[in-house]
Amino acid sequence: MNPFGYVQAGNDVSALSYKVQQAGSLFLAGGTCIVDLLTQGALRPPFLIDINALPLRAITLQDDNSLIIGALASNSAVAHHPSVLSGYPVLSESILAGASAQIRNAASIGGNLLQKTRCYYYRDPSFACNKRTPGSGCPAITGANRMHAIFGTSEQCIAVHPSDMAVGLSALDAAIHTESSRGKRQIAIDDFFLLPGDTPDRETILEQDELITAVEIPATPFARKSNYLKVRDRSSYAFALVSVAGAVVFEGNSVKEIRLSAGGVAHKPWRLQEAEQTLLGRALEEGVIARAMESAVAGAKTYRQNAVKVDLLKRCVRLMLHRFREMA
Amino acid sequence: MNKLTRDTPVGTEPVEITLFVNGEERRIAVEPDVTLVDAIRDRLDMLGTKVGCAHGQCGACTVLINGERRYSCITLAVMHDGHHIQTIEGVEDNGQLHPLQQAFIDHDAFQCGFCTPGQIMSGLGLLREGHVQNEDDMREEMSGNLCRCAAYQHITAAIWEVHERQDEPGVRLSEQREELLAAGGRVR
Ligand SMILES: Cc1cc2nc3c(=O)[nH]c(=O)nc-3n(C[C@H](O)[C@H](O)[C@H](O)COP(=O)(O)OP(=O)(O)OC[C@H]3O[C@@H](n4cnc5c(N)ncnc54)[C@H](O)[C@@H]3O)c2cc1C
Ligand code: FES
Ligand code: FES
């Protein structure tokens, strides 16, 4: 590990001021992502700002039934919270589908959103990587790319965002609350994450000196009927090859509102808006489902080893819609 | 040497922290880049906690931190100043094996034994969490501990047996001991 300086920030103001003072410093929450990358030498910050003493752990159901989750709430605390289990099952399921109990106990919600890609080249500093070292190249495009993206890639980067929880949050139209010396803001999750484009090192619209303070999930009618489905190489403790989060409201037998979001396929949770459109106002019959499956993969671009993701995504969409049909 | 204090930045040199390890107050000097498992093994000379992968992928380094199971290889020692760390060395009580340790013996739940301290600490964490309803849940909740010898059937049998007996006295890490730990007292 490259040596670094360290501080335990006592409050948000001091945390943000260290971030400005210490060039290249990083916030440290659960550490499950960052400490691993430090030991691999993929990250070499000169200074870490431990934010664990900040009062950002509360999980609060608001009067209007929206849910505010503090950025430092642990993944386990959120997944097992009674309001989450009853009101937002897809959030609980997507968290529990990720990592292991030990990691979920340590990992924070903010850290989960900002976790780094599992691209092998990014994590191994002996390889080039435009995300880690801009301009050095992307060996994944012609190399080992079975886990990589099929949507929204660029010639600079084809990495995927590995978070399961973020996919669940994207199906719930969550917003990210942040704070910096310029004030507070709320960012819709779909605007929060960026596609790689020409700057794959920039993964979100968060500024250098901006802290995530909370995640807010609006009170949506569809959150109760929601579900997460994950395909992976072993049945637990593995990252998604493809996943789908879905939430639905029916009117009679037909779909009144629906959200579908896919994981493991892009640099951000990938909303399947075209597929959603094909389903609105319709009963979930096989013909309708088949059209949604095709819409879900429209525009996919595959690489040497990951063409299987197109088929997996279609099947995940079908299985999700079958599950929904049983709930109608 | 400087004690670690909130809002006082430290450089790359060692700083003093306090860990309550199995109930005992231990002051150690660590550089910020020392992982918790390295502090436990190299600075405290407690070799029960193992390192399999050092990347959060195998569970060998599982300890309880303030009662919660976590990997000690992907967390820094400085992050745990003032925390209670329970390791495999602190599981037996005055020379008596904990029921989960006994169950591992009864079920022949190890071959080489390298993963065993992590499996037992993880099993204890699982019992405390109380999220497990059935054997499938238990297997899922134990997926963070790999066994290179693939003794899984026996490991899960041992944990399930103790899970089913968890209301018996002394099965969840003894309550008295826990109170002491929570109060920061000495147990050993
Ligand atoms: C073996 C293994 C398997 C895993 N499997 C899965 C899986 O299947 N699915 C899945 O989704 N995840 C998985 N994970 C990843 C895990 O979910 C993340 O490591 C974890 O959520 C990160 O949270 P943390 O609090 O530990 O983050 P940290 O490591 O503390 O931080 C991560 C990043 O976020 C930044 N950060 C943290 N908090 C804030 C904040 N409040 N404001 C601004 N910046 C912040 C940090 O600076 C850092 O860049 C796995 C991890 C491991 C090691
Ligand atoms: S050594 Fe920590 S998880 Fe493998
Ligand atoms: S008994 Fe050998 S690794 Fe588990």
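**Entry 1: the order of elements in chain B**

I read along chain B and wrote down the pattern β-β-α-β-β-β-α-α-α-α-α. That comes to 6 helices and 5 strands in chain B. I keep in mind that this is a predicted model.

**Entry 2: the overall form of chain B**

Next I looked up how chain B is packed. Its radius of gyration is 17 Å, close to the 16 Å that the globule rule gives for 188 residues, so chain B is as compact as a globular protein of that length. I also noted the box that the C-alpha atoms of chain B fill, roughly 50 × 35 × 30 Å along the principal axes.

How much of chain B is buried? I found that 51% of its 188 residues are. Then I turned to the contacts in chain B between residues at least 6 apart in sequence: 57% of them join residues at least 24 apart.

**Entry 3: the surface and charges of chain B**

For the charges, I noted 17 positive and 30 negative ones in chain B. Their mean positions lie 4 Å apart.

Which residues of chain B did I note with a positive phi? One is Asp7(B), with a phi of about 60° although it is not a glycine. I found Asp7(B) in the segment before strand 1 (15–21) of chain B.

I traced Ala150(B) to the loop between helix 4 (135–141) and helix 5 (152–164) of chain B.

**Entry 4: over to chain A**

In chain A I picked out helix 5, residues 89–96. Is this helix mostly covered or mostly open? Mostly covered, I found: 6 of its 8 residues are buried. I listed them as Pro89(A), Val90(A), Leu91(A), Ser92(A), Ser94(A) and Ile95(A).

Last, I looked up the domains. Chain A is divided into domain 1 (1–53) and domain 2 (226–327). How many Å separate their centres? Taken over C-alpha atoms, the centres of domain 1 and domain 2 of chain A are 37 Å apart.

Methods. Residues are numbered from 1 along each chain as its sequence is written. Chains are lettered from A and ligands numbered from 1 in the order in which they are written. This is a predicted model: local features need pLDDT of at least 70, side-chain atom pairs count only at pLDDT 80 or more; totals for chains, interfaces and linings use all residues. Side-chain values use heavy atoms; hydrogens and water are left out. Helices (H or I, at least four residues) and strands (E, at least two) are DSSP runs, numbered from the N terminus. Buried means under 20% relative accessible area, exposed over 50%, partly exposed in between (1.4 Å probe, protein chains only). The radius of gyration is taken over C-alpha atoms; the globule rule is 2.2 Å times the number of residues to the power 0.38. Contact means heavy atoms within 4.5 Å. Lys and Arg count as positive and Asp and Glu as negative; His and the chain ends are not counted. The place of a charge is taken as NZ of Lys, CZ of Arg, CG of Asp or CD of Glu. Domain bounds come from an automatic or database domain assignment.
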